[in-house]
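I opened this notebook to keep track of what I looked up, entry by entry. The entries begin with charged pairs and then turn to strands and cores.

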Amino acid sequence: MPRQKTPNEIALTLLLSALTIIFLLVIIALKPFGLYANVAFSLTTLIALLVCLIPTTIGGLLSDIDVLLLDKTGTITLGNRQASDYVIAPGISRERLADAAQLASLADETPEGRSIVVLAKEKFNLRGRELNPSQAIFVPFTAQTRMSGVDLTDLSATTKNAAPRLRSIHKGAAPNIKAWVESQDGAYPAAVTEAVESISRSGGTPLVVADGREVLGVIHLKDVVKGGIKERFAQLRAMGIRTSMITGDNPLTVAAIAAEAGVDDFLAQATPEMKLARIRDEQAKGHLVAMTGDGTNDAPVLAQADVSVAMNTGTQAAKEAGNMVDLDRNPTKLLDIVEIGKQMLITRGALTTFSIANDIAKYFAIIPAMLVGAFPSIAILSAVIFNALVIIARIPLALRDVAYRPIGAAAMLRRNLLVYGLGGILVPFVGIKLIDRLLTAAHLV
């Protein structure tokens, strides 16, 4: 779905198009005006005037993102979620829960999975097991099932008349584990629901563990919001950029993290399809969207975003889909990119406002001089020299940057109109007239 243009883009496009048409009409009408004023304008003079005065400002330079979509883990939080406790279901021992959680995490190479194994070892002295490949089939995590674990075959239970007993241990999001347990006619204890809600409200991430149709308890994963992130989001908000946290965690956990981090809104339990739909919806409303990601599932989302940053540690698909690759492996670099881009936008906005005002003012400075003066070529040459000098004068400003201020687009436009817009109108009258006098005094024309 093509992105709709923002109101600023539409207004600038219409303004520059209208100015171009008006200026062309003025050039066309200048010939009869010259005849009426007894001033002969040659075709060469008119073409030179058109080249000198036609608007050259690129309005698209004022485009700016106004929606920033961020992952939670590693971007807003430190990203090293660690298992901190086991909360047992009624009638279940902590040792049994820890052992099952460890078995379900033996093939989980994520920091969370490794921390579950370490916690079982440290708290209950449960050593890592060596599982026979013929006895264990590991179940990988997917965005759709939101569960992982292991299916174990108990060969000791095999007899001539009975097949090996299969034991399935899964850990994952509470709603998914609940649906899996209930599909086997198992019961989901109310105490486990309360534990999940309590962990979520505290900002932690709960992982429910089930052994077949029996729920054993909950693993409490802790994460920490990065220091200073709330202040950075406040600065982005002052610039008119809305932040949204998108994550696969449950709504209670996400709500707690969102409140602590200070993001504007969030999307919980998000699948890749939901992320893609969210970006397309924002773009359909005319917003420019920035996004960060690192997984293969993030590739369509990164490709759809207007500005996307892939992590260097991410998959090849994600790096190819992103506009940029962060070599430092720091997801918060997207915030730095936004601030750098905003600084560039402030500078470009000032220069663009000055240029538009300058283009308009030059007509009122040059055309009257051509109609009443004896030598139209002097006015055109003065304008050409003025253009060259103005471009050179703007280079230091572009390199130095206009002073950065965390303000919204509307406030920035008002400031530019008062400072650079007014300056762009006044400078051509003074500059072109001064150059005209200098050329005449030096007898160069």
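With which residue does Arg81 form a salt bridge? I found that the partner is Glu112, with the closest N and O atoms 3.1 Å apart; a salt bridge here is a side-chain nitrogen of Lys or Arg within 4 Å of a carboxyl oxygen of Asp or Glu.

Before going on, I noted that this is a predicted model, in which local features need pLDDT of at least 70 and side-chain atom pairs count only at pLDDT 80 or more, while totals for chains, interfaces and linings use all residues. Residues are numbered from 1 along each chain as its sequence is written, and side-chain values use heavy atoms, with hydrogens and water left out.

I looked up where the two partners sit: Arg81 is in the loop between helix H3 (72-76) and S2, and Glu112 is in helix H5, 31 residues apart. Helices (H or I, at least four residues) and strands (E, at least two) are DSSP runs, numbered from the N terminus. Both Arg81 and Glu112 are buried, where buried means under 20% relative accessible area, exposed over 50%, and partly exposed in between (1.4 Å probe, protein chains only). I also saw that Lys72, Arg81, Glu112 and Asp249 are linked in a network of salt bridges.

I then turned to Asp85, which forms a salt bridge with Lys123 at 3.4 Å between the closest N and O atoms. Asp85 lies in strand S2 and Lys123 in helix H5, so this pair ties together parts that are 38 residues apart in sequence. Asp85 counts as partly exposed at 24% relative accessibility, and Lys123 counts as partly exposed at 42%.

**Entry on strand S8.** I checked S8 (residues 242-246) and found four of its five residues buried. S8 pairs with strand S1 (residues 67-71) in the parallel sense over five bridges, and strands are taken to pair if DSSP finds at least two bridges between them. On S9 (residues 265-267), which runs parallel to S8, I found three bridges to S8, and Met245 stands opposite Phe266 there.

**Entry on the cores.** I looked up the largest nonpolar core, which has 38 residues, with Tyr86 and Ile169 among those with the most contacts inside it. Such a core is a set of buried Ala, Val, Leu, Ile, Met, Phe, Trp, Tyr and Cys residues joined through side-chain atoms within 4.5 Å. Helix H4 gives the most to this core, with six residues. A second, separate core of 24 residues includes Met245.
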